[in-house]
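Work through the exercises below with the structure open beside you, and try each task before reading its solution.

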Amino acid sequence: MPDAAPALQNVVEHFTARAGRYDGSSHWCNDPALMERVLALAAPTAGDRVLDVACGTGLVSKAFRPLAGEIVGVDITPAMASQAAPFLDSFVLAQAEDLPFEDGEFDITVCRQGIQFMDAAPAACEMVRVTRKGGRVLLVNLCAYGEEDREEYFEILRLRNPVRRNFFLPDDLSGLLRAAGCREVQAHNHVSEEDVDLWSDNGAIPEANREHIRALYRAASPGFQKHHEVRLAGDGRIVDRMLFTIAVGIP
Ligand SMILES: C[S@@+](CC[C@H](N)C(=O)[O-])C[C@H]1O[C@@H](n2cnc3c(N)ncnc32)[C@H](O)[C@@H]1O
């Protein structure tokens, strides 16, 4: 469900503020089980050209690096992307909604935690367009589990990242790939445990947002609790089982 689109400059400012501590700002960033799942589904081989859309600091590219032939990164925030340089063969400063590549140039296109900031339908179309027929396009994103948690979770996500533009349920990601022309689409779920205090301490939101997030977790509805299995520790720490969907489409 899209919110009013934040200006591109606001997105760049947000990630510029976060760039220094981004890699340590969430458990999911370096969750090995999530990355193993992504790699198993992408199945890169030594001859593959891989496009990492919204590459950020290069955590996804770093994982693909030993397995793929060539990796190209795209992002709009130089302060994030400058850290990706060791893992990329080349980088292009560009918006995902208008990728400066020919049709079918890549074997694999992957976008983790990026499409939530984009004009989602045109961005998905571009990712599918630049991927060869029979290749793979992967969208990896945090999702609400379903109707029971969506409103509360989307409010939490909005507070944690005010420039987030799209909030997804798992089927939404598959729908984007189908609408963009993929002939086969599958979705896989992965749960990543997140310490909410660590996750909300991203360096780009005021303490009031973090306190509001904690209050929402403490007051979470039974439906939210059921899916997220929220643990409230005695020391005030909160642990959430956050859901990632990995949608894989074949153009
Ligand atoms: C949460 S980070 C994800 C980084 C990386 N993919 C990862 O999984 O660690 C989101 C990234 O999306 C980039 N981004 C946001 N909107 C974008 C757009 N329209 N086109 C390209 N990149 C965009 C931001 O600059 C930021 O680096």
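**Exercise 1.** Which of the 21 residues around the ligand come nearest?

*Solution.* Begin by bearing in mind that the model is predicted. Of the 21 residues found around the ligand, Tyr22, Ala54, Asp75, Thr77 and Arg112 come nearest. Sorted by class, this shell has 14 nonpolar, 4 polar and 3 charged residues, and helix H1 (8–18) and helix H3 (59–64) each supply at least two of its residues.

**Exercise 2.** Find polar contacts between side chains and oxygen atoms of the ligand, then state how much of the ligand is buried.

*Solution.* A pair of N or O atoms has to lie within 3.5 Å to count. In the side chain of Tyr22, an N or O atom is 2.9 Å from an oxygen atom of the ligand. For Thr77, the corresponding distance from a side-chain N or O atom to a ligand oxygen is 2.6 Å, and a polar side-chain atom of Arg112 lies 2.6 Å from an oxygen atom of the ligand. Taken alone, the ligand exposes 610 Å², of which the protein buries 99%.

**Exercise 3.** Describe the pocket in which the ligand sits.

*Solution.* The ligand sits in the largest pocket, whose volume is about 480 Å³. Its lining consists of 36 residues, with Ala54, Asp75, Gln113, Gly114 and Phe117 nearest the centre. H1, strand S1 (49–53), H3 and strand S2 (70–75) each supply at least two lining residues, and H1 gives the most, with 4 residues. By class, the lining has 19 nonpolar, 9 polar and 8 charged residues.

Conventions:
Residues numbered from 1 in each chain as written. Predicted model: local features only at pLDDT ≥ 70, side-chain atom pairs only at ≥ 80, totals over all residues. Heavy atoms only, no water. Near = heavy atom within 4 Å. Polar contact = N/O pair within 3.5 Å; in protein donor to acceptor, adjacent residues only side chain to side chain. Areas by Shrake-Rupley, 256 points an atom, 1.4 Å probe, with all protein chains shown as cover. 1 Å grid on protein atoms, 1.4 Å probe; cavity = no way out; pocket = protein on both sides within 12 Å on 5 of 7 lines; lining within 4 Å. Sits in = over half its atoms within 2 Å of the grid points. Nonpolar A, V, L, I, M, F, W, Y, C, P; charged D, E, K, R; others polar. Points joined across faces, edges and corners; volume = space filled by probe spheres on them.
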